[in-house]
Amino acid sequence: MTEQEQDQDATRYDVAAVQDKWRKVWDDLDPFRAADDGSRERRYALTMFPYPSGDLHMGHAEVMALHDVIARYWWQRGYDVLNPIGWDSFGLPAENAAIRRNEHPATYTYANIETQAESFRRYGISFDWSRRLHTSDPGYYRWTQWLFLRFRERGLAYRKFSPVNWCPVDQTVLANEQVIAGHCERCGAEVTKRELSQWYFKVTDYAQRLLDDMAGLQGRWPDRVLAMQRNWIGRSEGAHVDFAVEGREEPVRVYTTRPDTLFGATFMVVAADAKLADELVTDEQRPAFEAYLADTRKASDIDRLATDRPKTGVFLGRYATNPVNGERVPVWAADYVLADYGTGAIMAVPGQDQRDWDFASKFDLPIVRTVQPPGGWEGEAYVGEGPAVNSANDEVSLDGLDVDEAKRTITAYLERHGTGAGAVNFRLRDWLLSRQRFWGCPIPIVHCPDCGEVPVPDDQLPVELPDLRGQDLKPKGTSPLAAAEDWVNVSCPSCGGPAKRDSDTMDTFVDSSWYFLRYCSPHFEDGPFDPEAVRRWMPAEQYVGGVEHAILHLMYSRFFTKVLFDMGMVDFEEPFTALLNQGQVINQGKAMSKSLGNGVDLGEVLDEYGVDATRLTMVFAGPPEDDIDWADLSPAGAVKFLQRAWRLSGDVGSAPGTSPESGDLALRRTTHRTVHEAEQLVDSHRFNVLVARTMELVNATRKAIDSGPGPADPAVREAAEAVTVLLSLVAPYTAEEMWERLGHQPTVARAGWPAVDPALLVQESVTAVVQVQGKVRARLEVSPDVSDADLEAAALADPAVQRALDGRTVRKVIVRAPKLVNIVAS
RNA sequence: GCCCCGGUAGCCCAACGGCAGAGGCAAUGGUCUCAAACACCAUCCAGUGUGGGUUCGAAUCCCACCCGGGGCACCA
């Protein structure tokens, strides 16, 4: 080594060498395996498991760095931590890659998993590798199928023929949750409609509970996620009203949130694509109706979503009777009414609904106001508060009542007459779970010409995927499984006759709706999970992941948990006690993308700055839930700080185990205050401030060594060790290296959290601020336990205060000992 | 249109209703160096989006508005 290299060596450490050194040691020590032996209190630190697409990227690096702060903190605090990792390994990208490469999707999938697993190890995340799972393993999806059958037994999985969202690019149906503004959530293609027979989960049965139980998540889940779920569930209150229809036995039922406006219902509208429209149309009007229906079918969902589109519709030739005033009202069909919301039919009240107003104006239908608009109202439909008008019959009058009173009155009237009732409606639709693709969990159902739908018996699970690859997987609008003759043709489990397997696979969100339960007993063979293990670990105290799953994964998982609760398999109704959504990593103000050319490669960042500096940069960037712009950050600054911290470990002049009692009091106070504050900062997820406080402690320790009590002072060791443990949450390699240089055995990750001495949290003296008329006029050094009276006397006696008072009369003195005195004078 | 979150220094961000600044980036000056890099020391910069209100005192609480981000949306 040259002199220069030696010189450098004293101030820097070799990042790559340190990483290599400790990774091996950690593999041997296996320090993060959950003991699950009841010796310590348990904590479950869950992070959303990755999809194996290529290697890890900046987003993974951020979320894992944040998540690991919590997990490692819990270890240091002495908890038994469950921090598992697995892969959400079914899904389309692997299948598409397999078609391109003419291979089996498993090849691509499991190769990527290995790459990612290796990267996670390098990245130093404190996972319990013994619990690793992959949803595409037969040993896992066997239980996904088992759960599907249990759901079906409870009437919660059913098959229905209806129009569904169809992605023409991915050649599969999509759940409502996967359609974003008319486009496929995954590939961005415009979604079209198809009529297909598909499997659904009856999530709507749980709508009210999904909504109600959010109350318990308030404050522990981000507000916006709760708001998004609330929006998505879309509960509304109103009433059902039955309208008798001429020439038809059955009345037509409508749902309305404004039963108070019933006297103003001057026509009805049925969704053009609803069965009801077809039933109601008269022979005379049928040609016009058919033509209209054909037109609307041509219009894409995108067009339909445009709210400012002119209204269209067609008269069905039929009349109904308004149940409160006996008026004869025409029945129309239109595409502004949705077939699958409410009853697919509405009472149109143009006076109080702008859409109905637009329709009435266009087709010259009568408009009656039933809520008095305020004076000077110049708008069209009036949807606000006001007294009811024009709303009376022989028996009941709403006139003069406000909206709420009128609703109650008319609903009671309808109930008395058997023509309606109060009703609740939800925007939430059932979860469409069938997919016409290969690389997913097969639906364990056999279709028999004689017996119908027959579940595959539990002892024959899993229904494994056949060995298809390459071109056999090409999407053709039906599942590739349907073409696998050997696989699809089976004998009926019930009658033994020839039958066919259901050839669709499940939405991958089914796989991920219960993986957190499997983690508790990943090798359990007698069920999807060991109920005892789940009782020990669940619900997860902390879940960390992206907000993109706010309504998909998170609502489905809540649904699954509630069903399992009802089945008696778990004893809790919410799976995730607390949720943290990290922001995105962006670059130069924009999401990273190939087309913008602003992508940042994680591998290159790690090579240049090292794992610890990368993690530190992510954690320090700002509040975890905010987006972080890579262009604003300084990984080089993180490297600098880590070197600075590391240098402390070589400068400590006392032996390991030295008692800090006799150490410099000022530094000891700083150390204990910092550790104490760090506890609160981690608990409240203010990790960026945690890093800032650690930096301060490094600065204070440096100062103590260079220009304070010196390196041999025991307080310096105490401080340096505290820095090391704090740093172990964010920068495990550097912390491990420091710990060793401080004379300790690995691993610092399990060293334990420094004990805080409450006596050292009390300041010797504090600065009290004295204000006159709210302006600071003096500062007094006082004891922290100074009395209000003493502080007031000292403040009033201060010459600067006297000058400021300038002979005025003191009117009032506010004393907040020991920090502040405010004197009001005139 | 409805709902949620946010707006503090050139930038990223701190601040139980009590001195607007903890930490970092950038910039500038210095020490070290033949010079530079690294390192170290020091300095500079805002009155908290706007307007009201509550209070002895407001970045913080309340109201209205502006701007930005996100969600829902012909859902009756």
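Of the atoms of RNA strand B within 4 Å of the protein, what percentage belong to sugar or phosphate? The answer is 59%, and the rest belong to bases. This is a predicted model, in which local features need pLDDT of at least 70 and side-chain atom pairs count only at pLDDT 80 or more, while totals for chains, interfaces and linings use all residues. Residues are numbered from 1 along each chain as its sequence is written, chains are lettered from A and ligands numbered from 1 in the order in which they are written, and side-chain values use heavy atoms, with hydrogens and water left out.

**View 1. The protein surface around RNA strand B.** RNA strand B is surrounded by 49 residues, a residue being counted as near if one of its heavy atoms lies within 4 Å of the strand. The closest are T257, R355, K640, E696 and R779. By class, this surface has 20 nonpolar, 10 polar and 19 charged residues, where Ala, Val, Leu, Ile, Met, Phe, Trp, Tyr, Cys and Pro count as nonpolar, Asp, Glu, Lys and Arg as charged, and the others, Gly among them, as polar.

**View 2. Side chains that meet the sugar, base and phosphate parts of RNA strand B.** In the side chain of T256, an N or O atom is 3.0 Å from a sugar or linking oxygen.

View 3. Not counting residues up to four places away in sequence, L517 touches F529, V534, M538, L564, V570 and F572, contact meaning heavy atoms within 4.5 Å.

**View 4. S126 in the loop between α5 and β4.** S126 lies between α5 (105-123) and β4 (128-134) and counts as buried, at 0% relative accessibility. Its side chain is joined to that of D68 by a polar contact of 2.6 Å; such a contact is a pair of N or O atoms within 3.5 Å, and within protein one must be able to donate a hydrogen and the other to accept it, residues adjacent in sequence counting only if both atoms are side-chain atoms. Leaving aside neighbours within four places in sequence, the residues in contact with S126 are F32, D68, A71, R72, W75 and N83.

**View 5. Helix α21 and its residue Q643.** Helix α21 (residues 635-651) has 17 residues and reaches 25 Å from its first C-alpha to its last, close to the 24 Å expected at 1.5 Å a residue, the expected span being 1.5 Å times one less than the number of residues. Among its buried residues are F641, L642, W646 and L648, and Q643 is also buried, with a relative accessible area of 4%. The C-alpha atoms of Q643 and V15 are separated by 9.7 Å, although these residues are 628 apart along the chain.

Methods: Helix = DSSP H or I, 4+ residues; strand = E, 2+ residues; numbered from the N terminus. Buried < 20%, exposed > 50% of the residue type's maximum accessible area, 1.4 Å probe, protein only.
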